Amino acid sequence: MLEEFQYILCLLKSAAMGFSVSTGRREFLRFLAASPLAAGLGIEAWAQQNSPAIQRAADALSVSDFEALTKDMLPPAHLGYLISGVDDDATLKINRDGFQHFQLRPRRLVDVSKPDLRTEIFGVPWETPIFLCPVGGQKMFNGDGEVAVARAAKAKKATQILSTVSSSPVEAVAQALGGPPWYQMYMPVNWAGTETMVRRAEAAGCPVLVWTVDLLGGRNTETASRMRRADTRNCLSCHTDGVGSLKGRPMLDGIEGGINPPAASWAFMDRLRKLTNTTRMKLIIKGIDTAEDARLCREHGADAVLVSNHGGRATDTLRSTIDSLTEVVDAIGNQVPVLVDSGFRRGTDIYKALALGARAVGIGRPYIYGLTAFGQEGVERVLDILRAELRLTMQQCGTPAIKDITRTAVQRA
Ligand SMILES: Cc1cc2nc3c(=O)[nH]c(=O)nc-3n(C[C@H](O)[C@H](O)[C@H](O)COP(=O)(O)O)c2cc1C
């Protein structure tokens with residue numbers, strides 16, 4: 001409100017200066033008509049409406065630019081799958097709101113001329129702490145799907161996690177990426193299926209297995225279902241096995257009985273740990289939101305945890321992950337890396353998570369917006385934007401290296 005008031009004052013001042021008697025009343029009125037005053041818009045909305053259309057990936061200035069493009073490009077059913085949460089979509093919103101609970105504490109007069117975003121996970125150097133989360137069915141958003149993302153990840157030296165329900169096989173993705181991705185597992189219901197899946201990931205060279213444990217009880221994708229009903233296309237012409245069927249997903253080839261056993265317990269974790277020990281894959285548990293479960297992950301041999309609420313797609317009215325992060329870091333952060341995802345859209349969001357002790361931050365929808373809008377180039381641009389925003393935040397806050405970003409860099413609001 002204050003911002004808008006200041007803007008109006010500024011506008012009136014410039015009008016008074018620039019539109020003297022000689023310029024004429026008509027021109028002044030034309031000027032006013034084109035202003036946010038006349039449109040009744042906030043400055044931000046006005047700037048967005050009046051900036052030239054985005055023609056190329058390079059024209060996009062923020063993740064939300066790509067989000068807006070995506071909303072215009074995808075049919076309702078696919079858009080619904082991408083953007084929705086569950087029930088009332090509360091967790092989806094809470095994830096974003098959570099970042100407002102933390103404010104930055106910048107330090108001044110630190111030499112920030114050489115910002116260094118590099119970090120390390122499991123002894124492997126990373127260019128930046130930002131990675132690409134597993135997202136299923138990416139050919140829905142671009143004909144090359146996960147392979148286009150792999151090309152972008154290769155160009156930008158980013159870690160890609162491939163989903164169990166991907167539309168491209170791990171072997172093709174590994175080829176495009178120039179090395180194996182991390183592999184995300186939805187555990188098959190039959191143990192034989194789990195063994196088959198893990199062995200396939202191992203054979204492709206995947207160094208890390210990420211077991212997602214936050215969908216074992218199922219979910220209520222209400223908004224996505226409503227948007228699907230609004231889609232006038234004949235879905236069955238493409239989804240010949242029925243809408244939502246996982247038949248034909250290449251990583252489920254030869255796996256019977258479905259995925260995500262609701263009976264899964266820590267005993268399943270022990271069994272999986274034994275199996276991955278024989279493959280020498282690192283094991284990360286994705287979907288941990290409490291200190292209690294983080295400790296159990298350690299007791300049962302996890303090599304890292306990923307604090308996640310599935311981008312608000314699993315259970316409604318959870319805490320934001322930025323709000324859950326601290327207790328997980330305090331419980332196990334001195335033993336293993338803690339990663340986090342869900343709702344990250346800005347460099348400042350990422351910075352806050354690093355300050356609270358996350359080793360790396362995952363993005364899901366942001367790179368899919370880029371993929372939808374401009375394919376590989378769009379994914380690269382999204383990574384560039386977030387990296388640039390993080391770099392800027394590091395410089396402006398007097399923390400030139402990742403190790404400098406500590407808890408003193410943020411304050412709970
Ligand atoms: C369309 C879509 C599909 C997803 N598919 C998977 C998946 O197959 N496996 C998985 O573990 N997480 C999946 N996720 C969750 C992401 O890995 C990640 O946790 C989440 O997207 C992060 O939140 P963000 O989208 O706000 O960045 C999916 C997310 C989206 C948006």
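Analyst: A residue is called buried when its relative accessible area is under 20%, exposed when it is over 50%, and partly exposed in between, with a 1.4 Å probe and protein chains only. The model is predicted, so local features need pLDDT of at least 70 and side-chain atom pairs count only at pLDDT 80 or more, while totals for chains, interfaces and linings use all residues. Residues are numbered from 1 along each chain as its sequence is written, and side-chain values use heavy atoms, with hydrogens and water left out.

A pair of aromatic rings is described by the distance of the centres and the angle of the planes. Here rings of Phe, Tyr and Trp (for Trp, the six-membered ring) pair if their centres lie within 6.5 Å, and planes under 30 degrees apart count as stacked, over 60 as edge-to-face and the rest as tilted. By this rule the count comes to six aromatic pairs. One of them joins Tyr-81 and Phe-141, a stacked pair because the ring centres are 6.5 Å apart and the planes stand at 10°. This pair links distant parts of the chain, 60 residues apart, with Tyr-81 in helix H6 (residues 76–83) and Phe-141 in the loop between strand S4 (130–132) and H8; helices (H or I, at least four residues) and strands (E, at least two) are DSSP runs, numbered from the N terminus. Tyr-81 is partly exposed at a relative accessible area of 27%, whereas Phe-141 is buried at 6%.

Trp-126 and Trp-182 make a tilted pair, since their ring centres are 5.6 Å apart and their planes are at 50°. Trp-126 belongs to strand S3 (residues 124–126) and Trp-182 to strand S6 (residues 182–185), so the pair ties together parts that are 56 residues apart in sequence. Trp-126 is buried, with a relative accessible area of 8%, and Trp-182, at 7%, counts as buried too.
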